[in-house]
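Trainee: I have not seen this structure before. Could we go through some of its charged pairs and one of its helices?

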Amino acid sequence: MPSASQIAHAGLPFANPLSEAAVDAAIAAMPLDCNATILDTGCGSGEMLLRAVRAHPGSSGVGVDLDPDAIAQAERRAGDLPVRFEVRDAAAIDGEFDAVINVASSHVHGGFPNAIAELRRRAPVILYGEGFWERRPAADFLEALGGATEDELADLAGLRAAINGAGLEILHEERASAADWARYEETLAANAERDGSSQCLEYARRIRERRALPGGTDTLGFALFVLREGAER
């Protein structure tokens with residue numbers, strides 16, 4: 001049975017608030033040669049990897065995720081592109097890759113900031129999407145996120161510093177706007193309410209109540225970076 005999150009994300013290209021234009025611009029900025037190999041860890045339904053392979057002719061990809069439903073969806077959508085998707089733990093992947101994608105999935109590498117060093121170990125070019133605090137989160141906002149803690153994320157300056165501290169250079173950066181967040185979260189809530197099951201109605205209620213809090217629409221941000229080895233430690 002699909003989860004409330006899967007139902008709510010139906011019809012959305014990504015499980016994050018970024019616009020398609022922002023994602024496509026970042027993917028185009030990835031400095032990849034012909035025949036590049038791309039790994040996507042925590043790939044979900046595979047959209048990021050599929051777009052990357054389409055945008056860089058001659059490239060091929062591997063996407064891994066622990067959700068079999070998401071992997072099945074990715075396989076159906078891959079068509080004849082040179083990609084494969086596997087139900088597999090990201091930690092179990094060996095081999096050399098030219099690029100690694102990890103967007104809204106840093107938890108598969110131990111969460112921020114540990115994920116940054118792990119991604120650097122995987123490939124010299126990284127497409128990395130992570131949340132950050134636009135402002136210091138209030139206690140009720142953290143509770144509405146399911147009991148999150150402030151130290152799970154940094155502010156944008158702290159996120160950039162962690163990236164540079166891991167020996168990575170930021171080549172390109174995109175950020176979700178307030179309009180992007182509104183479109184994304186309102187769509188999630190509407191999709192969940194349309195389903196009408198108790199789990200989906202609860203999912204939608206949590207989104208709407210959180211957005212109604214003071215700071216509920218301008219506390220959490222999301223950024224997408226194209227990174228490569230090169231910054232001084």
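Trainee: Is Glu-173 buried, exposed or partly exposed?

Mentor: This is a predicted model, in which local features need pLDDT of at least 70, side-chain atom pairs count only at pLDDT 80 or more, and totals for chains, interfaces and linings use all residues. Residues are numbered from 1 along each chain as its sequence is written, and side-chain values use heavy atoms, with hydrogens and water left out. Buried means under 20% relative accessible area, exposed over 50%, and partly exposed in between (1.4 Å probe, protein chains only). Glu-173 has a relative accessible area of 24%, so Glu-173 is partly exposed.

Trainee: Which side chain meets Glu-173 in a salt bridge at 2.7 Å, N to O?

Mentor: A salt bridge is a side-chain nitrogen of Lys or Arg within 4 Å of a carboxyl oxygen of Asp or Glu. Glu-173 also has a salt bridge to Arg-175, at 2.8 Å. The partner at 2.7 Å is Arg-160.

Trainee: How many residues apart are Arg-160 and Glu-173?

Mentor: Helices (H or I, at least four residues) and strands (E, at least two) are DSSP runs, numbered from the N terminus. Arg-160 lies in helix H7 (residues 156–165) and Glu-173 in strand E6 (residues 168–175). The pair links distant parts of the chain, and the separation is 13 residues.

Trainee: Which helix holds Glu-193, the salt-bridge partner of Arg-208?

Mentor: The side chains of Arg-208 and Glu-193 meet at 2.8 Å, N to O. Arg-208 is in helix H9 (residues 198–212), and Glu-193, 15 residues apart from it, is in helix H8.

Trainee: Why do the buried residues of H9 line one face of the helix?

Mentor: The buried residues of H9 are Cys-200, Tyr-203, Ala-204, Ile-207, Arg-210 and Arg-211. The arc is that of the directions from the helix axis to the C-beta atoms. Seen down the axis of H9, the buried residues line one face because they fall within an arc of 130 degrees.

Trainee: Which helices do the buried residues of H9 pack against?

Mentor: Contact means heavy atoms within 4.5 Å. The face of H9 turned away from its buried side carries the exposed residues Ser-198 and Ala-212. The buried residues pack against helix H1 (4–8), helix H6 (139–144) and H8.
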